[in-house]
Every structure is written in structure tokens, then in C-alpha cells.
Amino acid sequence: MNTTVTRAWICKVCNWIYDPEQGDPQGGIAPGTAFEDIPDDWYCPECGVTKTDFEPLDF
């Protein structure tokens, strides 16, 4: 059985957490959107850095 685990991602600059269950509605990202599916021009709503400054968050 192959299940895909959607994980949260954390901004390495300001520690803002992208939770795919919540999305980023103010940034145009619908709830349920995996981080990998976010457009490359999206930016952190807290500090303004791009996706390249995020890393997977392991709980």
C-alpha cells in the first residue's frame, strides 16, 4: 500500500509554518494544497522569502 504523506514546511528565515491542510488563503493557496504544488512565485506571508527558503518540518 502506497500512501502519500503531506507534510508541513517551515521557513528557515522566520519559522513560519506552511500547513497544507490550512493552505495560505491570503496568498491564493487553497487548503489541501501540497507544498510541492504551490507556484514558484509564491512567497512567505510573514517575511517575503521564496519557496527555496523552506524546508520540510518533521513533527
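Author: Accessible areas here come from the Shrake-Rupley method with a 1.4 Å probe. The model under discussion is predicted.

Reader: What does the accessible surface of the protein come to, and what share of it belongs to carbon and sulfur atoms?

Author: The accessible surface of the protein is about 4300 Å². Of this surface, the share belonging to carbon and sulfur atoms is 47%.

Reader: Which pattern does the protein follow when read along the sequence?

Author: The protein contains 0 helices and 3 strands. Read along the sequence, the pattern is therefore written with strands, which DSSP runs of at least two E residues define. That pattern is β-β-β.

Reader: Which residues are in contact with Phe35, leaving aside its neighbours within four places in sequence?

Author: With neighbours within four places in sequence left aside, its contacts are Trp9, Tyr18, Trp42, Lys51 and Phe54.

Reader: Is Asp24 buried or exposed, and what is the distance to the nearest side chain of opposite charge?

Author: Asp24 is found in the loop between strand S2 (17-18) and strand S3 (54-57). Asp24 is buried and has no salt bridge. A salt bridge requires a side-chain nitrogen of Lys or Arg within 4 Å of a carboxyl oxygen of Asp or Glu, whereas Lys51, the nearest side chain of opposite charge to Asp24, is at 12 Å.

Reader: With which side chain does the side chain of Asp24 make a polar contact?

Author: Leaving aside neighbours within four places in sequence, Asp24 is in contact with Tyr18, Ile29, Trp42 and Pro45. The polar contact of the Asp24 side chain, at 3.0 Å, is with the side chain of Trp42.

Reader: Which side chain meets that of Lys51 in a salt bridge?

Author: Side chains of opposite charge can pair when their charged atoms come close. A search of the whole structure finds 1 salt bridge. The partner of Lys51, at 3.7 Å from N to O, is Asp40.

Reader: How many residues apart in sequence are the parts that this pair ties together?

Author: Lys51 counts as buried at 13% relative accessibility, whereas Asp40 is exposed at 67%. Both Lys51 and Asp40 lie in the loop between S2 and S3, so the pair ties together parts whose separation in sequence is 11 residues.

Terms used. Residues are numbered from 1 along each chain as its sequence is written. This is a predicted model: local features need pLDDT of at least 70, side-chain atom pairs count only at pLDDT 80 or more; totals for chains, interfaces and linings use all residues. Side-chain values use heavy atoms; hydrogens and water are left out. Helices (H or I, at least four residues) and strands (E, at least two) are DSSP runs, numbered from the N terminus. Contact means heavy atoms within 4.5 Å. Buried means under 20% relative accessible area, exposed over 50%, partly exposed in between (1.4 Å probe, protein chains only). Lys and Arg count as positive and Asp and Glu as negative; His and the chain ends are not counted. A polar contact is a pair of N or O atoms within 3.5 Å; within protein, one must be able to donate a hydrogen and the other to accept it, and residues adjacent in sequence count only if both atoms are side-chain atoms.
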